[in-house]
Amino acid sequence: MYNFDMEKITRAQQAIMTKNHIYEVALKLFKQDGYDKVTISRICKEAGVSVGNFYHYYSSKEEVLMEKYLEFDGWLDNLDLSKGVIESILAIIDLQTSGAVEIGSKVFMKMMETHLSTNGKYISSDRKFNKYLYDLAQRGIDEGIFCSDYTAEEISETLLRTCRGTLFDWSLRDGPYDIKEKTKHDIMIVINGFKKSI
């Protein structure tokens, strides 16, 4: 009985490792050669797995690409949001832009195209990113940092749209500027607009 359970754990761990390996290889190829030029067969060949194995974990290249959103949400679990509200908002935004830099502007643009073409299938409004921004906006209102004329939803949605817009512009223009610094700059303009007057 004990050995059987250990065998299950080993297989489960191996499955996670295989899925992660396919994902990492695919992202590397997408960045290196462009999403549209990479086939599932090529991903499988580079990853050393069968096409059937690929389809055990992913239904399409699109699904592999959009897994980046889940990875990003996982990164949020390790972020310390006990700092000040503004510091914490900037930390979340920095984490998101770091993910964009990691995959490059062209792959990030493909993610945005996929998001649009699937009507948001891969991103729900209850994502951790959205929830964390909402919670921080509410905390900012409660602590008197943000003007109470605005709701936490208005603040968090505006921050989210600003971040998306800056990332879209960066992707559209093939990354001509430091996205981390530009997004921080743009987000600070928005934050300053919501701050409570003293």
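1. Helices are DSSP runs (H or I, at least four residues), numbered from the N terminus. Helix H4 (61–76), helix H5 (85–103) and helix H6 (105–117) each contribute at least two residues to the lining of the largest cavity. A cavity is a set of points on a 1 Å grid over the protein atoms alone where a 1.4 Å probe fits but cannot get out, and lining residues have an atom within 4 Å of a point.

2. This is a predicted model, in which local features need pLDDT of at least 70 and side-chain atom pairs count only at pLDDT 80 or more, whereas totals for chains, interfaces and linings use all residues. Residues are numbered from 1 along each chain as its sequence is written, and side-chain values use heavy atoms, with hydrogens and water left out.

3. How many cavities of 30 Å³ or more does a search of the whole structure find? The search finds one. The largest cavity holds about 100 Å³ of space, a volume being the space filled by probe spheres set on the grid points, which are joined across faces, edges and corners.

4. The residues lining the largest cavity include Tyr69, Trp75, Phe108 and Arg127.

5. Helix H5 has 19 residues and reaches 28 Å from its first C-alpha to its last, close to the 27 Å expected at 1.5 Å a residue (1.5 Å times one less than its number of residues). Of these 19 residues, 14 are buried, so H5 is largely enclosed by the rest of the structure (buried means under 20% relative accessible area, with a 1.4 Å probe and protein chains only). Gly104, whose phi is positive, near 90°, follows H5.

Methods:
1 Å grid on protein atoms, 1.4 Å probe; cavity = no way out; pocket = protein on both sides within 12 Å on 5 of 7 lines; lining within 4 Å. Buried < 20%, exposed > 50% of the residue type's maximum accessible area, 1.4 Å probe, protein only.
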